[in-house]
Amino acid sequence: ARWIPRAIDMFCNLNDTFRIAMLMEEEEAYKVSSRSEDEDVKAQQDQVLSHVSKDIQERHMQNYSKILLGAPYLHTLAHGNLKQQAELHAILAEMQAIMGQVCSDDTSHLKNCIAQYAAPDPSDKGLEPPIYADNKSRALLGVNHPQLTAMLCPIKHAKAYHEDPTKVQAKLQNGVIKIHSAVWPAFIYEGSPPGKDFDPDNVQEGFLKGYYLKQVFRHIFTSPSSAL
């Protein structure tokens, strides 16, 4: 359970994953089986899957397969009798609670260090203006902070930001340039400042190699002392 949000899927919902993946398994089994199926049951299965896109179905199946590699007993429970299925639901509920706690623990432990990790070379120079963990004000956070703006700026606008930081920062603040889940922020890419060497014709180059990601990764998976 602790490994799932860290190495499989941070946003995994176990009940949805097992329900969708098992329906997909049954659908595949029917295709290669000569046995007749209950039309009403098949119609219900098809109706459930029709509301889930193919991409999401594949994501659930990938998560399901990876989870079963680490805990094959869950597969036995999933395809067992009613008592075993009840046991499965209880285990999944407990696992989901642990997964939520893991995410909470990781983020709470990062709180005091995150501003330090945002600086390209914190041993030499920190953020300017500095950000303190006990500061209650949000006035200099996000796109109101020049260095954080460079990190949060959508990667396709990173070059424009480096050429004219004030102009692009203003566009980010007033919503002309929108930040949303469908665009990658500059800090995902390597470079100092983030995304400096981004190549729009080769978007995989430097992807997920940003210094900020590396420092947070080391903090979580090894130790805070190894992060810098």
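Colleague: Where does His79 lie?

Modeller: His79 lies in the loop between helices α5 (73-78) and α6. Helices are DSSP runs of H or I with at least four residues, numbered from the N terminus. Residue numbers start from 1 along each chain as its sequence is written, and side-chain values use heavy atoms, without hydrogens or water. The model is predicted, so local features need pLDDT of at least 70 and side-chain atom pairs count only at pLDDT 80 or more, while totals for chains, interfaces and linings use all residues.

Colleague: Is His79 buried, exposed or partly exposed?

Modeller: Buried means under 20% relative accessible area, exposed means over 50%, and partly exposed lies in between, with a 1.4 Å probe and protein chains only. His79 counts as partly exposed because its relative accessibility is 42%.

Colleague: Which residues is His79 in contact with, leaving aside its neighbours within four places in sequence?

Modeller: Contact means heavy atoms within 4.5 Å. On that basis, and with those neighbours left aside, His79 is in contact with Glu25 and Tyr64.

Colleague: Which polar contacts does the side chain of Asp9 make?

Modeller: A polar contact is a pair of N or O atoms within 3.5 Å; within protein, one must be able to donate a hydrogen and the other to accept it, and residues adjacent in sequence count only if both atoms are side-chain atoms. The side chain of Asp9 is joined to that of Arg59 by a polar contact of 2.8 Å, and to that of Asn63 by one of 2.9 Å. Asp9 sits in the loop between α1 (4-8) and α2 (14-32). Asp9 counts as buried because its relative accessible area is 8%. Apart from neighbours within four places in sequence, its contacts are Ile4, Arg59 and Asn63.

Colleague: Let us turn to a helix. Which residues of α11 are buried?

Modeller: An α-helix has 3.6 residues a turn, so residues three or four places apart point the same way. In helix α11 (residues 211-221), the buried residues are Tyr211, Tyr212, Gln215, Val216 and His219. They lie on the same side of α11 because they cover an arc of only 130 degrees around the axis, the arc being that of the directions from the helix axis to the C-beta atoms.

Colleague: What do the buried residues of α11 pack against?

Modeller: Their partners are α6 (82-110), α7 (114-118) and α8 (146-152).

Colleague: At what angle do α6 and α11 pack?

Modeller: Axes are lines fitted to C-alpha atoms, for helices over the stretch in contact, and angles run from 0 to 180 degrees between N-to-C directions. For α6 and α11 the angle is about 120 degrees, and the axes are 11 Å apart. Asp106, His109 and Leu110 of α6 meet Val216, His219 and Ile220 of α11. By class, this contact has three nonpolar, two polar and one charged residues; Ala, Val, Leu, Ile, Met, Phe, Trp, Tyr, Cys and Pro count as nonpolar, Asp, Glu, Lys and Arg as charged, and the others, Gly among them, as polar.

Colleague: Which residue does a polar contact of 2.9 Å join to Asp106?

Modeller: That contact links the side chains of Asp106 and Arg6. Asp106 belongs to helix α6 and is buried, at a relative accessible area of 13%. Not counting residues up to four places away in sequence, Asp106 touches Arg6 and Ile220. With the same exclusion, Phe221 touches Trp3 and Arg6. Phe221 is in helix α11 and is partly exposed, at 30% relative accessibility.

Colleague: Finally, which peptide bonds are cis?

Modeller: Among them is the bond from Glu128 to Pro129, with omega near -5 degrees; Pro129 lies in the loop between α7 and α8. Another cis peptide bond joins Ser192 and Pro193, with omega about 5 degrees, and Pro193 is in the loop between α10 (165-173) and α11.

How values were computed: Helix = DSSP H or I, 4+ residues; strand = E, 2+ residues; numbered from the N terminus.
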